[in-house]
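Welcome, and please open your viewer. We will go from stop to stop, with something to select at each one.

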Amino acid sequence: MLFVENEPNKDPRINLAIEEYLIKNIAPKEEILLFYINQPSIIVGRNQNTIQEINVDYVKEHDIIVVRRLSGGGAVYHDFGNLCFSFIVPNSPGNFHNFRKFTQPVIKVLMKMGVPAELSGRNDILVDGKKISGNAQYVSGARMVSHGTLLWNTDLSVIGDALRVKQAKIESKGIKSVRSRVANITEYLPEDHPDIMTFRQMIIDGVHSEQPLEEYVLSETDWENIHQLSKERYQTWDWNFGKSPAFDIQREIRYGGGTIEAWLDVSRGGIIKQVKFYGDFFGQRDISELEETLADCYYESSAILERLNDVKVSDYFANLTTAGLLDLLY
C-alpha cells in the first residue's frame with residue numbers, strides 16, 4: 001500500500017482534488033492511503049442541494065468554505081479538529097460497500113486507546129451511541145474511494161449553526177442530511193491525550209502493521225495537475241452550488257412595510273426559472289417587472305445583487321432596501 005502525504009494542505013478544495021487525482025492517475029494497481037485536515041468547511045454530498053444544507057448567512061460571516069465532494073451521503077462540517085482519511089483501492093466485490101474493511105484499522109487503534117468504538121449501521125463509527133465518524137464511498141472506473149471523518153476535537157457548537165438552514169420551506173429532489181448525535185473522540189480520553197497528528201500516526205502505524213506502507217511523494221507535475229483540477233472543479237460555483245438538483249423555495253419576511261413572500265423555482269444548474277412575490281406590502285410599480293428582472297438569474301447572492309443594481313427596490317416594496325430583498329431571496 002502507498003501512503004501519500006498532502007504536505008499538509010488545509011484547503012478542502014485542494015484536498016478533494018488530491019483524492020480525485022490519485023484515484024485517476026497514480027499507481028492504478030496499488031492501494032493508496034491519504035490523510036488530510038481541513039480548515040473550517042462544509043463538505044456537501046454529491047447528490048445534495050447545497051442551499052438546503054447550509055446556513056448561508058453564518059457560513060459567509062465565518063468564512064466557512066463550502067465544497068461538493070464526489071461521494072454521496074450527507075453534508076458534514078470539518079475544522080482543524082477533524083481528521084479525514086481515504087483508502088483508494090481497486091473496485092472489487094470485496095471492497096465496494098464494505099465499510100467494515102476500511103474502518104477496522106481505525107477502530108483497532110481507538111480500542112487500544114481505551115475508546116469503545118464500533119461500526120454501527122452501514123457506515124458510522126459510534127461510541128456510546130454517539131457518532132464519531134461518518135464514511136462514504138464512490139467509484140471511478142476500475143477504482144474506488146472509501147473515505148471518512150474522525151471527530152477528534154471538533155468545535156461541535158459550530159455544527160448546529162453552520163448546518164442550520166435559514167428559515168424557509170424548500171422542496172428538493174436532493175438527498176437531505178440526517179443529523180445524528182455526535183461526539184469528539186477526546187471526550188473518551190484522559191486530559192493528557194495525544195494531539196491529532198500523533199493520532200494520525202497511530203492509525204498509519206496500525207495499517208502498516210497489517211500491510212507494508214511505502215510513501216509516494218507527489219511530484220511538481222502532480223501538484224500542478226492537482227491545483228488545476230481544484231481550480232476547474234472544486235473552486236467553482238457551478239460545481240459546489242450549480243450542480244444541486246432542481247428545487248422550489250419559499251421564504252417570508254415581515255418588515256415595516258408589511259409582509260412579503262417569495263416563491264422561487266430553481267432549475268438544475270442553479271438558475272432561477274421563475275420568482276413570484278406575494279404579501280400585503282405596498283409599492284408604486286407593478287411587481288411583475290421585478291419578477292421578470294430576476295428570471296434566468298443564477299441563484300447566487302452576487303448574481304442576484306448584480307440584477308438589482310439598477311433597480312429601486314422601494315418602488316416595488318415600500319421602505320425595503322436592496323439588502324433586505326437580497327436577504328429575503330438568498
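Which residues do ring pairs link into a cluster? Select Phe-85, Phe-87 and Phe-102: ring pairs join these three into a cluster. As you look around, keep in mind that this is a predicted model.

**The whole chain**

Colour by secondary structure and you can follow 11 helices and 15 strands. Of the 330 residues in the chain, 54% are buried. Contacts between residues at least 6 apart in sequence tell you something about the fold too: 71% of them join residues at least 24 apart.

**Two crossing helices**

Next, select helix 1 (residues 12–25) together with helix 7 (residues 220–234). Two packed helices are described by the angle between their axes and the distance between the axes. Here the axes come within 8 Å and cross at roughly 115°. The crossing of helix 1 and helix 7 is right-handed.

Show the side chains where they meet. On the helix 1 side you will find, among others, Ile-14, Leu-16, Glu-20 and Lys-24.

**Aromatic pairs**

A search of the whole structure finds 10 aromatic pairs. For one of them, select Trp-237 and Phe-241: their ring centres are 6.4 Å apart and their planes are at 10°, so this pair is stacked. Both residues belong to helix 8 (residues 237–242), where being four residues apart separates them by about one helical turn.

Now compare the pair of Phe-281 and Phe-317. These rings are edge-to-face, 4.7 Å centre to centre with 70° between the planes. Phe-281 is in the loop between strand 15 and helix 9, and Phe-317 is in the loop between helix 10 and helix 11, so the pair ties together parts that are 36 residues apart in sequence. Phe-281 is buried at 17% relative accessible area, and Phe-317 is buried too, at 0%.

Most residues other than glycine have a negative phi. For our last stop, let us look at two positive values.

Select Asp-128, in the loop between strand 8 (124–127) and strand 9 (130–140). Its phi is near 55°, a positive value in a residue other than glycine. Asp-128 counts as exposed, at 57% relative accessibility.

Finish with Asn-319, in the loop between helix 10 and helix 11. This residue is not a glycine either, yet its phi is positive, about 70°. Asn-319 is exposed, with a relative accessible area of 68%.

Notes
Residues numbered from 1 in each chain as written. Predicted model: local features only at pLDDT ≥ 70, side-chain atom pairs only at ≥ 80, totals over all residues. Heavy atoms only, no water. Axes fitted to C-alpha atoms, helices over the stretch in contact; angles between N-to-C directions. Left-handed = near helix turned anticlockwise from the far one by under 90°. Contact = heavy atoms within 4.5 Å. Phe/Tyr/Trp six-rings, centres within 6.5 Å; stacked < 30°, edge-to-face > 60°. Buried < 20%, exposed > 50% of the residue type's maximum accessible area, 1.4 Å probe, protein only.
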